[in-house]
Amino acid sequence: MLKVFDYNKIPVVEVVNEILVDSSKRGASDIHFDPWEDYMKIRIRVDGQLIDYTEVPNTIKKNLVTRIKIISGMNITESRLPQDGAIKATLQDIPLDLRVSCLPTSNGEKIVIRILDYSMSLAGLETLGFSDKNYKKILQMISIPNGIILVTGATGSGKSTTVYSMLQRLNKEDTNIITVEDPIEMEIEGINQVQVSSEIGLTFANALRSILRQDPNVIMIGEIRDNETARIAVRASITGHIVLSTIHTNNSLNTIERLLDMDVERYLLASALEGIISQKLARRLCPNCRAKRAATDYEKELFQKVLHKDITELYSAQGCEQCGNGYKGRIAVHEVLLINQEIRDALSSGMPKEELRELVYKSDVETLLQDGLQKVEQGLTTFEELLKLIELDDVSEGDNEGGMDLKSAIDTARIALGEKEDQQNQAAKAHQEQMTQQTATQVVATPTVKDNSQIVNAVQ
């Protein structure tokens, strides 16, 4: 139900404050001010879903936009160009750290406010939903003396939260950590953070060159966006530094291919790359109202094929006063690849893509599908949420330009589970059956003999 404000009695300043505070209390990540022809619609994004919040009449729209631009430090006289701003304030005892973007459209200026929430980053790596196996891999990654660790995923998939959590773990008195970010999303005490400013020539690449002369132990690059940044980051990791960064890819194999496409030399990538963490976000089931239901034949078959597990029940969303629609918060689905020597040798030798895919997913890795199904089985999310991630977000490995179909995801997961071993077992079983059949045939074909003379005649 839409919230209603009495604009005749409540000043615009208080309306804006109420929108910001209420959205933060509801756990929203973004607030959208969408100008329409007859009114302005305000929507908030909660758990990844945009929901209608309120409607503002056109008589109030301009004052509302002006107020937001003032408190975010924008130019209120400029309405033809995009602008960026920020808000840091405490309203009703709630500290707010907001990023504001203004975009001119045909119906007026559209504003989007990003609400930054640092609670997950401050809580630590162990609270981010990693399985025990993946958590141990990440601890092993960040304990290395040098190398590059990449966190990958789409926009809004929690990459920054994961990277900041790793920085918190690495932030010690004897460690010099320097970051290059655009923008700096979270200020951490004890870490030197550099804000990129392309207007004055302070790019990721230029900042990285200077950072290497600052005696760093750990370097964090907000995002690898171009070839030059990728090459400098890889070379920095080889010269004795731990490099953390993010990149927009869907899984481990795509990340390796993207870096090679960015003209990173194979021998350097093979030496530098230490680990890849791929992640996507699914809505988390509300623990208060979730309920079990019978699993369908399709779900039973999928769990059997991917996890080799027989299931009869799964959790589903119900809805209660605390959550509304059965979901509360989000949980990450992960794929963590720890680079081993076999993969390094394959990268150096230029192994073809299909063979590299087989090698990557036959290493000790749980795919996104496997990790997601385990979280579905535990009741952390639903089967429907997992299928959204697989069908809509994953890029196919073949020439198909659409999303990865379920068959491809299953095939990849089966490779990771050691499909080759199953095939060998099946081949051994088939060979045994063939030998048994041949023995039976020989027994049938052997003539019945009555005395030794028939045996002698048969031999002759």
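Two strands count as paired if DSSP finds at least two bridges between them. Helices (H or I, at least four residues) and strands (E, at least two) are DSSP runs, numbered from the N terminus. What you have here is a predicted model, where local features need pLDDT of at least 70, side-chain atom pairs count only at pLDDT 80 or more, and totals for chains, interfaces and linings use all residues. Residues are numbered from 1 along each chain as its sequence is written, and side-chain values use heavy atoms, leaving out hydrogens and water.

I will start with strand 11. Strand 7, residues 147–152, pairs with strand 11 in the parallel sense over six bridges, and Val-151 has Thr-246 as its bridge partner there. Strand 10, residues 218–221, also runs parallel to strand 11, joined by four bridges; Ile-221 stands opposite Ser-245. Between strands 10 and 11 the chain passes through helix 7, residues 227–238, in a right-handed β-α-β crossover. Right-handed means that, with the strands pointing away from the viewer, the path from the first strand over the helix to the second runs clockwise.

Is strand 11, residues 242–247, mostly covered or open? Mostly covered: six of its six residues are buried, that is, under 20% relative accessible area with a 1.4 Å probe, protein chains only. Ile-242, Leu-244 and Thr-246 point one way, and Val-243, Ser-245 and Ile-247 the other.

Now the loops. Asp-47, between strand 2 (39–46) and strand 3 (49–57), has a positive phi near 55 degrees. Asp-47 is buried at 15%. Finally, a cis peptide bond joins Asp-182 and Pro-183, with omega about -5 degrees; Pro-183 sits in the loop between strand 8 (177–181) and strand 9 (192–195).

Technical notes: Buried < 20%, exposed > 50% of the residue type's maximum accessible area, 1.4 Å probe, protein only.
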